[in-house]
Amino acid sequence: METTAPETVNHPPPLHEARPKVERSSVVPPYWQRSERTASKLSFNSSSENLGRAQLIRLEDHTDDGSDQCKALWARRVTIDDYVVVSSGTAPGLGAYVVWNCTVETLDGGPMKMIKRYSEFDELRQQLVRTFPQAEGAMPPLPPKSFVCGSDIDVFRTARFRPRFLERRKAGLSYFLNCVLLNPEFAGSPVLKDFLFS
């Protein structure tokens, strides 16, 4: 009777071990990480036993490729430095609005400063969706414009100017701008240029 040795299956290393981890100090959109996947890794990671586990999102960096997509990229990162509540001086919250002080760091090193209102971010997103309907999923939603806290209209007017709410909105707007400006599909569009230079 012949004895057969058990078959050994070599699974590829997990994706997070494929490359050394590189620390980045800026927000990088999800399509900028170099992918090292082979057909066998793809098969292993999408097998039925692995479908129940949450998969990490991989970021791809194509800045060294010299492709046409890379040529469209011109921004390194975007930060929203701070905000200012502009008040009309009448009743609390009535006629007041927030302006966001933004800095775009370009690849050639020069910063661009701009001041925008939430409504301008909203208009940018709407125009990008109209211009690039197939890419709506690549754009994160904007943070909420305000939140409702009771039926008292004065509380509602002033709640949207609370620092905690504005800090969360600041983070959401920063994430949105980074995802849009660092996406080669949007980076060279006239819609985005109109937003930046208006």
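Mentor: Start with the axes of helix 3 and helix 5, which come within 12 Å and cross at roughly 35°. Helices (H or I, at least four residues) and strands (E, at least two) are DSSP runs, numbered from the N terminus. Axes are lines fitted to C-alpha atoms, for helices over the stretch in contact; angles run from 0 to 180 degrees between N-to-C directions. This is a predicted model: local features need pLDDT of at least 70, side-chain atom pairs count only at pLDDT 80 or more, and totals for chains, interfaces and linings use all residues. Residues are numbered from 1 along each chain as its sequence is written, and side-chain values use heavy atoms, with hydrogens and water left out.

The crossing of helix 3 and helix 5 is left-handed: the near helix is turned anticlockwise from the far one by less than a right angle.

Now the side chains. Helix 3 brings Tyr118, Phe121, Leu124, Arg125 and Leu128. They meet Arg169, Leu173, Phe176, Leu177 and Val180 of helix 5. Contact means heavy atoms within 4.5 Å. Eight residues of this contact are nonpolar, none is polar and two are charged. Ala, Val, Leu, Ile, Met, Phe, Trp, Tyr, Cys and Pro count as nonpolar; Asp, Glu, Lys and Arg as charged; the others, Gly among them, as polar.

Three strands form an open, antiparallel sheet in the order 1-2-3. Strands pair if DSSP finds at least two bridges between them. The edge strands are strand 1 (75-86) and strand 3 (111-117). Helix 3 (residues 118-131) packs on this sheet and touches strand 1, strand 2 and strand 3. Helix 5 (residues 163-181) also packs there, touching strand 1, strand 2 and strand 3.
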